[in-house]
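Here are some friendly notes to read with the structure open beside you. They go point by point, beginning with the place where the chains meet.

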Amino acid sequence: MSLEQFKDRNVGTQNYVKLDLEHTPTEGWCKFKQVVKRTFQPELFQGLGVTLREMINALFRNKMHTTKYPFEKLPISPRYRAVHDMLRLMESGNYRCIGCGLCEKICISDCIAMETKYDENQRKEVSEYTINFGRCIFCGYCAEVCPELAIVHGGRFENASEQRAGFSLFEDMLTPMDQLNQQQEYAGFGAISPNADENIKSTPLAY
Amino acid sequence: MDATMLPEVTAAGVIVKAVIILAVIAAIAGFGTYIERKILAFMQRRLGPTHVGPFGLLQLAADGIKLFTKEDIIPQHANKFIFAIAPVITAATAFIALAAVPVFPDFTIWEWVPFLGGVFVPSIAADINVGILFVLGMMASGLYGPLLAGMAQANKWGIIGSARTAIQFLSYEVVTGLSILAPIMIVGSLSFVDFNNYQTDGLWMVVYQPVAFILFIIAGFAETNRTPFDLLEHEAEIISGYVTEYSGMRWGLFFIGEYANMITIGIIASVVFLGGYNDFWFIPAWIMIILKIAFSFFFMLWVRASWPHVRPDQLMWLCWKVLMPLAVINILITGLVIMI
């Protein structure tokens, strides 16, 4: 459907398809004919056929709808915004976070708290980093604003807990060193779009 | 199979038979809830109960424990005596009706069994010669259960449920009687044994009386409160109708009664219309009767999964304006054919 058709609010001018419904009979003879027609139409048995077909599909053709949830999980979209992950650089294994503090600033529910300091190489080091998942609304702004794709949303959505405040530390969210080779590049919110190269324009030099 | 060749039926045999019927049918009635949930689930491409036992088979035990241990609540303004006795009426009439229908083949208890050795257990607990009348009458009086339950519980949904019970009873009962009258005219007897023997050599009764069979099945659905006509307790409209205020085992008794009635209707349909407990080709008789009853049970669940239910006024319209004239015409034609 094109946008013009979609924006057309003049109800009744569009191309609606009307169902070919008969009028309800009022006279006795017409009512009787309708009853006879409905009696000998196989509609009821078509209904029985549908349910039997679905049962055979489910039992013998492996088309059962049920997912036994705690034991098997459906794949979730890469754009799904669940509990955060902290990514590492693939080459060196260092964490990507540069301690810029943008995520802390943009967080609209004030749930990210971080402290940074300079290490011996005058490089920003994250000394404290917590996310309060009792407050986090999983809006995705932190992942979107992160210039290094360091904080991203992972796929761990089962975060029910007995306490309202569930703090997560930087080390908990950071990719473990021994699983570095399994670290996936984040494709979701805030990631570079697949056609990013085409969108790059040369910087105008003459201001 | 001459009836005079069979051993004498003693009181001990009848008591054993009654205990067997009570135990087996009550177990099957409970098991029917499991079957129903499974079949409905498969037809909606779900799994149904799976977690308790293998394939969820022990779900029945879990439900039983739950029902037995639940609090037995009697509402404040209810008529306590009638409220307490109504589920018993439903369950008891359902089992009394089973006394006069043939359930399982007859057998003699082994000699080495203490006290009961050599006792002949008949296939019918009470082989009365008006079996059909007795069974239909008992199943009809079973509707006193919902009627009294709904009126005794001081609940508006219950009142609507019992009003619908009365409507349903007035609607289907005429069709049940008239539809089964034509086969009775052909066989000339009201005994299930005579019906069975009539179909031993010849064709099944459904070949002679297809219209009566369809009418009886429709009336049977109404009689057992199954889905096209489950007006008494339709959840979407009247919460649960007559069982709204019930809990625990009193609630369970209604459902044992309902499932026992489903089995009874299955047995009547099998014996009267579908050839009874006779051998069929190479399949022995006892397998045939179980297959027929199982299919009629499955058919009730199948219909529940497929068809929407009707309104009370539609049921009454259907029964009195369509089915009853059809049944009368069927009886008329049957009578003419017998006369000629």
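1. The contact between the chains draws on ten residues of chain B and 16 residues of chain A; two residues are in contact if their C-beta atoms, placed from the backbone, lie within 7 Å. On the chain B side, helix 1 (11-43) and helix 12 (285-306) each bring at least two residues. Helix 12 of chain B gives the most to that side, with three residues. By type, the chain B residues that touch chain A are seven nonpolar, one polar and two charged. Here Ala, Val, Leu, Ile, Met, Phe, Trp, Tyr, Cys and Pro count as nonpolar, Asp, Glu, Lys and Arg as charged, and the others, Gly among them, as polar. Helices (H or I, at least four residues) and strands (E, at least two) are DSSP runs, numbered from the N terminus.

2. A word on how to read all this: the model is predicted, local features need pLDDT of at least 70, side-chain atom pairs count only at pLDDT 80 or more, and totals for chains, interfaces and linings use all residues. Residues are numbered from 1 along each chain as its sequence is written, while chains are lettered from A and ligands numbered from 1 in the order in which they are written.

3. In chain A, look at the cysteines. An unreviewed UniProt entry annotates A:Cys97, A:Cys100, A:Cys103 and A:Cys146 as "binding site". They span 50 residues in sequence, yet no two of their C-alpha atoms are more than 10.5 Å apart, so they gather at one spot. UniProt positions are given in the numbering used here, feature names are shortened, and annotations may be inferred rather than shown by experiment.

4. A:Cys103 sits in helix 4 (residues 102-106) of chain A and counts as buried, with 21 C-beta neighbours inside 10 Å. A:Cys146 lies in the loop between helix 5 (141-145) and strand 4 (151-153) of chain A, and is buried too, with 23 other C-beta atoms within 10 Å. (Buried means 20 or more other C-beta atoms within 10 Å of the residue's own, exposed 12 or fewer, and partly exposed in between.) Leaving aside neighbours within four places in sequence, A:Cys103 is in contact with A:Ile112, A:Cys142, A:Val145, A:Cys146 and A:Ile151.

5. Which way does helix 9 of chain B run against helix 11 of chain B? The axes of helix 9 (residues 210-223) and helix 11 (residues 248-272) of chain B come within 10 Å and cross at roughly 165°. That makes the two helices roughly antiparallel, a label for angles over 145 degrees; under 35 counts as roughly parallel, 65 to 115 as roughly perpendicular and the rest as oblique. The contact is made by B:Phe216, B:Ile217, B:Gly220 and B:Glu223 of helix 9 and B:Asn261, B:Ile265 and B:Ala269 of helix 11. These divide into four nonpolar, two polar and one charged.

6. Helix 5 (residues 144-152) of chain B is mostly covered, with eight of its nine residues buried. Those buried residues pack against helix 3 (80-97), helix 6 (156-187) and helix 11 of chain B. After helix 5 of chain B comes B:Ala154, with a positive phi near 55°.

Terms used: Axes are lines fitted to C-alpha atoms, for helices over the stretch in contact, and angles run from 0 to 180 degrees between N-to-C directions.
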